[in-house]
Amino acid sequence: MIVIGGTSSRSLAQDLAQELDAKFVKANVVRFPDGECYVRIEEEELDDDVIVVQNTHPDHNLVEALLLQDAAAGLGAMKIITVVPYFGYARQDQRFKKGEALSAKVMVKTLGICSDHLVTVDVHKPIILDWFKGKTDDVHAAPCVGEFFNGHGIDLVLAPDEGALQRAMEVAKVIGADVDYLEKTRLSGEVVRMAPKNVDAKDKNALIVDDIISTGGTIEAAANQLKIFGAKSVTAVCTHGLFTKNALDRLRKCCNAVYSTNTIENEVSVISVAPQIASVLSGQL
Ligand code: R5P
């Protein structure tokens with residue numbers, strides 16, 4: 001078993017190789033002056049199953065992922081398993097308006113050109129993986145998130161909307177905390193409102209759990225609501241920390257702490273999802 005780390009996910013790939021007791025290979029990736037990507041795996045051959053770990057967001061990372069798959073195939077990889085920690089375009093899983101591209105389908109199918117098995121982490125809508133021609137797994141980050149917060153004194157785990165409740169329940173189960181959810185309405189790209197709904201947060205240390213933090217609008221609205229309910233402290237955690245614009249600064253004003261997993265490497269990505277990816281993969285290899 002060989003793990004190849006693309007530029008978006010090198011430390012996660014190294015963690016994964018360690019968890020799987022596999023060889024880690026750092027691909028040589030450079031950009032030509034015109035921006036095109038050049039990929040080389042400096043090995044004589046890859047006579048084994050190969051795991052390529054690389055995000056597909058932003059767009060240039062997708063190109064790198066495809067080139068890494070092809071480089072591995074060119075060196076004789078037996079099976080190519082593509083681990084996409086943060087799968088971009090998963091939110092465009094339908095043609096919401098006539099004439100739109102079905103982006104999620106395009107991305108899933110493209111990744112299948114040179115890969116036998118696609119692994120994602122908390123992909124926004126797991127149903128999109130049905131467009132992949134081979135085997136797929138969507139790994140849940142919740143066990144790793146729950147482990148991280150064990151012993152942190154969290155009393156209440158909160159989902160910012162009902163759709164995120166299952167994830168919050170998985171985290172709460174590991175921590176042994178209560179769980180509840182808010183009712184979210186998105187007013188615009190960055191502005192979110194929480195509908196009046198009673199949550200027993202008085203004097204509690206609350207943890208808000210979401211899959212993605214992008215602008216931070218969702219977490220900001222949830223944190224403000226928890227303060228109104230009398231929460232003692234509010235911590236936010238997400239799987240995928242995109243933190244667009246100044247989201248982290250914005251969230252540090254309304255939360256006591258903000259964390260993410262390492263599906264996207266950033267200054268708060270302190271929770272590794274490698275153990276969970278490894279446990280899903282090792283059950284099948
Ligand atoms: C939405 O369905 C997702 O689960 C997240 O809540 C959303 O992407 C967060 O975006 P933002 O940080 O911009 O509010």
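Is cysteine 255 buried or exposed? Cysteine 255 is buried, at a relative accessible area of 7%; buried means under 20%, exposed over 50% and partly exposed in between, with a 1.4 Å probe and protein chains only.

This is a predicted model, where local features need pLDDT of at least 70, side-chain atom pairs count only at pLDDT 80 or more, and totals for chains, interfaces and linings use all residues. Residues are numbered from 1 along each chain as its sequence is written, and side-chain values use heavy atoms, leaving out hydrogens and water.

Let's stay with the cysteines. With a disulfide taken as two cysteine sulfur atoms within 2.5 Å, the count is 0 disulfides. Cysteine 255 is in none, as the nearest cysteine sulfur, that of cysteine 254, is 4.1 Å away. The sulfur of cysteine 114 is too far for a bond, because the closest cysteine sulfur, in cysteine 37, is 15 Å away.

Now to the aromatic rings. Rings of Phe, Tyr and Trp (its six-membered ring) pair if their centres lie within 6.5 Å; planes under 30 degrees apart are stacked, over 60 edge-to-face and the rest tilted. The model has 4 aromatic pairs, including these two:

| Pair | Centre to centre | Between planes | Class |
|---|---|---|---|
| Phenylalanine 148 and tyrosine 259 | 5.2 Å | 65° | edge-to-face |
| Phenylalanine 149 and tyrosine 259 | 5.7 Å | 70° | edge-to-face |

Phe148, Phe149 and Tyr259 form one aromatic cluster. Phenylalanine 149 is buried at 1% relative accessible area, whereas phenylalanine 148 is partly exposed at 25% and tyrosine 259 is partly exposed at 23%.
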